[in-house]
Each structure stands twice: as structure tokens, then as C-alpha cells.
Amino acid sequence: IYRNGMTEYKDRAAELRRKADEAEEDGDLLTYAAYEMNAQIMNELANQYKDVVEQSERMSTQRSIVSAEDLLTRGVQQMVQGYAQLDLGCTMSALLLIGRSYHIFHAGDSRICLAGDLLRQLTRDEIVYTRERGNIRRKLANCIGRSRELRLSRLSGTAEPGDTFLLGSDGLFHRAEEEELCQKARRVASDAQALKFCGEMIRRVEQLGERDNISCGMIKLRA
């Protein structure tokens, strides 16, 4: 309702300004002043509605983020209870898109990247390196399942039309070439092509000898 009201008042202001310009050209300064004054009033009303719309959108976004975090927390708690006797852990990179913004919830070394001319990693690999028996070993500094407490890194940003998000486990990004990922991702133009892309990339890194688990997902925003 408020968004429609904002648009309506903006349209009225534009129409009044058009009439004011016509009156000024005709030399009718009194009519010009009346139209100009009313146009300013319409603009002020439109701006008031705009403030309400923006505040509503911020509240809606915040509610969505809180709901997502609550859902993730309850899901993890159920998983931990189900595997309470096992020393297991898993990574997670979740992407929530709301309008023109993205929100990432992350634990471990799975990744979310933006694929353009170059591959830009949005998440940070939560790992540590330790020395064991003279060898350097790579270990997860954070993961899901080994603790009842859910520790998630959070990141937000602006999503632009045409943006391509790639989600995958470390097994995918260990072997896949950045240039190949970006080139093939740019050619994706439908859901079917996105599914084909993910399948091809998984098979590609398997052929390259990757032994770690491999997952691949894509979200491409329509331009």
C-alpha cells in the first residue's frame, strides 16, 4: 500500500511540474506558483511514504534473517542429538537472498564465491595448520556437529542482477580451475543449464583425482 502511495504521489508531482512549466512558458506566474507549490507537497508526501517502505523492508529482512538462523540452529541441534555418540563434524555454507541483498551463514571450509571475470571467494576458510609427527596437517577450526553450540560466521552484501553465486565443498575448489569455472558459469542461462554445469564440474574434478567429498551448487540472478 505504501509503495503504491509513494509511486502515486511521485506521478502526481511529475504531472504538476509539467503543468507548472507550461504555465511559466505562457507567462501565467500565478498558476505556475500554484502548480509548483502543489508539486512540492506531493514530493514531500512521496518521501514520507518512501521512509515507511524502507523501514518496512529493513524489518522484513531482519525477520527473515532471524528465522533462518533459528531454523539452522534447530536443525543442527537435532543432528547433534542424533549422532551424539559419534565424533563427526560437517561444514556448511548457506546463502539467503532477500530482494537485492544476500546473507551468508558459514562454518568450516566449504565456500561461496561470486563468479565473474574472476572467482571471488566471499566466505573464509575456517582452518588451522598443525604439526603432527613432523608433518603439517590441515584441520577444521570450526564445524557443525562436534558441539551443541552453533558458531556461524555471518556476511551480508548487495546482490546485483546477473550475479552468479557458486557454492561448493573444498573438494570442488581444490581441483577446479578458476578460469574454467568462470567461463562455464557465464554461459549458464537456465535452470537446466545450471544443473548440467554442476554435474559437469563434479565429474571434472573426480576425473582430476579429487578424493575429498565434492558438492556444487549455483544461483544465478536474472539480469
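User: In this predicted model, why is helix α4 called roughly antiparallel to α5?

Analyst: The axes of α4 (residues 178-186) and α5 cross at roughly 160 degrees. Angles over 145 degrees count as roughly antiparallel, and therefore α4 is described as roughly antiparallel to α5. The two axes come within 11 Å, and the crossing is right-handed.

User: What makes the contact between α4 and α5, and which residues belong to each helix?

Analyst: Contact requires heavy atoms within 4.5 Å. On α4, the contact is made by Glu180, Leu181, Lys184 and Ala185. On α5, Phe197, Glu200, Met201 and Arg204 take part.

User: How do you know how the residues of the contact of α4 with α5 divide by class?

Analyst: Asp, Glu, Lys and Arg count as charged, whereas Ala, Leu, Met and Phe are among those that count as nonpolar. The contact therefore divides into 4 nonpolar and 4 charged residues, with no polar ones.

User: What makes up the lining of the largest pocket?

Analyst: A lining residue has an atom within 4 Å of a pocket point, and 15 residues line the largest pocket. Thr91, Asp109, Leu140, Asp170 and Asp212 lie nearest its centre. Strand β6 (residues 135-140) gives the most to this lining, with 3 residues. By class, the lining has 4 nonpolar, 5 polar and 6 charged residues. The volume of the largest pocket is about 250 Å³.

User: Which residues line the second largest pocket, and which element gives the most?

Analyst: The lining consists of Val188, Ala189, Ser190, Asp191, Ala194, Met218, Ile219, Lys220, Leu221 and Arg222. Both α5 (191-207) and β9 (216-220) supply at least two residues, and β9 gives the most, with 3. This pocket holds about 190 Å³ of space.

How values were computed
Residues numbered from 1 in each chain as written. Predicted model: local features only at pLDDT ≥ 70, side-chain atom pairs only at ≥ 80, totals over all residues. Heavy atoms only, no water. 1 Å grid on protein atoms, 1.4 Å probe; cavity = no way out; pocket = protein on both sides within 12 Å on 5 of 7 lines; lining within 4 Å. Points joined across faces, edges and corners; volume = space filled by probe spheres on them. Helix = DSSP H or I, 4+ residues; strand = E, 2+ residues; numbered from the N terminus. Axes fitted to C-alpha atoms, helices over the stretch in contact; angles between N-to-C directions. Parallel < 35°, antiparallel > 145°, perpendicular 65-115°, else oblique. Left-handed = near helix turned anticlockwise from the far one by under 90°.
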